[in-house]
Amino acid sequence: MKPSGLYILACLPFLFVNLFAVIYKWEIVAGISYLAVLVPLITGFNHRLKWTNINFSFFMLLLVISGLSNFIDSAYVNLIILLIGMFSYVFLAREALKYTQRQTANRYMLVLFFVLIAMNMYFLFGHLQEMENHFLNFLEWSFYTIYYIMLLILGIVGLIYYLNSYSRKSVYFVTLVMALVIADVLRDMADFYLQVTSVQILESLLRFASVILAVLFFATREKKLRLINLV
């Protein structure tokens, strides 16, 4: 096994602790274990990460701030976390757009692209409608609406990058985007209208996966590959 694989395996104990914390409602332990997973990842991939890259450094900074904010139970803090999440997604999108080179797409790829975008819009709009009855005020509704528009934009960037690239880096990114979108939707489902433990567990799994995928995305250089190399 490659050394990078060992560092990813080192994340598993933190994941197990986090899942137990979610099940037993140990919020502080869940928050600590979530941030602690960065230790083996940064240690293992530090030689491949460029801290001078503004997109990477600001994304990691906002990720840590968002994780620390989870220790404070307040409706206003939740809105701040949404803002932090939106700004962190901006830096993710900026990094992906750096490597996106427009290719000529056939009609089938264009149809696929618009179908996927339409499905995501329908899914997110339906979720936002379900949440609408639970909003306390117009400000909160506005924040969540803007947040989901940002998620949709991130999804569009992910699809454009993936369909115009043929690299391991683009695969990491589109998988990262899917994990983030679903994790954010599950988080809000658990907060507003579907407060069951299974939803929180799945959200936690995807949140951990998104951290790992984000580090892999930034640590992987853009290189065109054959299909066999992506497996």
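Contact here means heavy atoms within 4.5 Å. Keep that cut-off in mind for this tour of a predicted model.

**The whole chain**

Start with everything shown as a cartoon. The chain has 10 helices and 0 strands, so coloring by secondary structure will show helices and the parts that link them. Of its 231 residues, 46% count as buried. Among contacts between residues at least 6 apart in sequence, 76% join residues that are at least 24 apart.

**Stop 1: α2 and α10**

Select α2, residues 12-23, and α10, residues 197-219. How do the axes of α2 and α10 cross? They come within 10 Å and cross at roughly 155°. Angles over 145 degrees count as roughly antiparallel, so α2 is roughly antiparallel to α10. The crossing in which α2 passes α10 is right-handed.

Now show side chains where the two helices meet. On the α2 side, select Phe14, Leu15, Asn18, Leu19, Val22 and Ile23. On the α10 side, select Thr197, Gln200, Ile201, Ser204, Leu205 and Phe208. Sorted by class, this contact has 8 nonpolar residues, 4 polar residues and no charged ones.

**Stop 2: Ser33**

Is Ser33 buried or exposed? Its relative accessibility is 4%, so Ser33 counts as buried. Leaving aside residues up to four places away in sequence, Ser33 touches Phe14, Val17, Asn18 and Phe208. Phe14 and Asn18 were selected in α2 at the previous stop, and Phe208 in α10. Draw a distance from the C-alpha of Ser33 to the C-alpha of Phe14: it is 5.3 Å, although the two residues are 19 apart in sequence.

**Stop 3: Lys25**

Move to the loop between α2 (12-23) and α3 (27-36), and select Lys25. The point to check is its backbone: Lys25 has a positive phi of about 65° although it is not a glycine.

**Stop 4: the salt bridges**

Side chains of opposite charge can pair when their charged atoms come close. How many salt bridges does the structure hold? There are 5.

Go to helix α6, residues 75-98, and select Lys98 and Glu95. Their side chains meet in a salt bridge, 3.4 Å from N to O. The two residues are 3 apart in the helix, which means about one helical turn separates them. Their surroundings can be compared by accessibility. Lys98 is partly exposed, at 49% relative accessibility, whereas Glu95 is buried, at 1%.

Next select Arg187 and Asp188. A salt bridge joins them, with the closest N and O atoms 3.1 Å apart. Both residues are buried.

Return to α10 for the last pair, Arg207 and Glu203. Their side chains form a salt bridge at 2.8 Å, N to O. Here the spacing is 4 residues, again about one helical turn. Arg207 and Glu203 are both buried.

To finish, select Asp184, Arg187, Asp188, Glu203 and Arg207 together. Which arrangement do they make? Salt bridges with shared partners join these residues into one network.

Definitions and conventions:
Residues are numbered from 1 along each chain as its sequence is written. This is a predicted model: local features need pLDDT of at least 70, side-chain atom pairs count only at pLDDT 80 or more; totals for chains, interfaces and linings use all residues. Side-chain values use heavy atoms; hydrogens and water are left out. A salt bridge is a side-chain nitrogen of Lys or Arg within 4 Å of a carboxyl oxygen of Asp or Glu. Buried means under 20% relative accessible area, exposed over 50%, partly exposed in between (1.4 Å probe, protein chains only). Axes are lines fitted to C-alpha atoms, for helices over the stretch in contact, and angles run from 0 to 180 degrees between N-to-C directions. Angles under 35 degrees count as roughly parallel, over 145 as roughly antiparallel, 65 to 115 as roughly perpendicular and the rest as oblique. A crossing is left-handed if the near helix is turned anticlockwise from the far one by less than a right angle, and right-handed if clockwise. Ala, Val, Leu, Ile, Met, Phe, Trp, Tyr, Cys and Pro count as nonpolar, Asp, Glu, Lys and Arg as charged, and the others, Gly among them, as polar.
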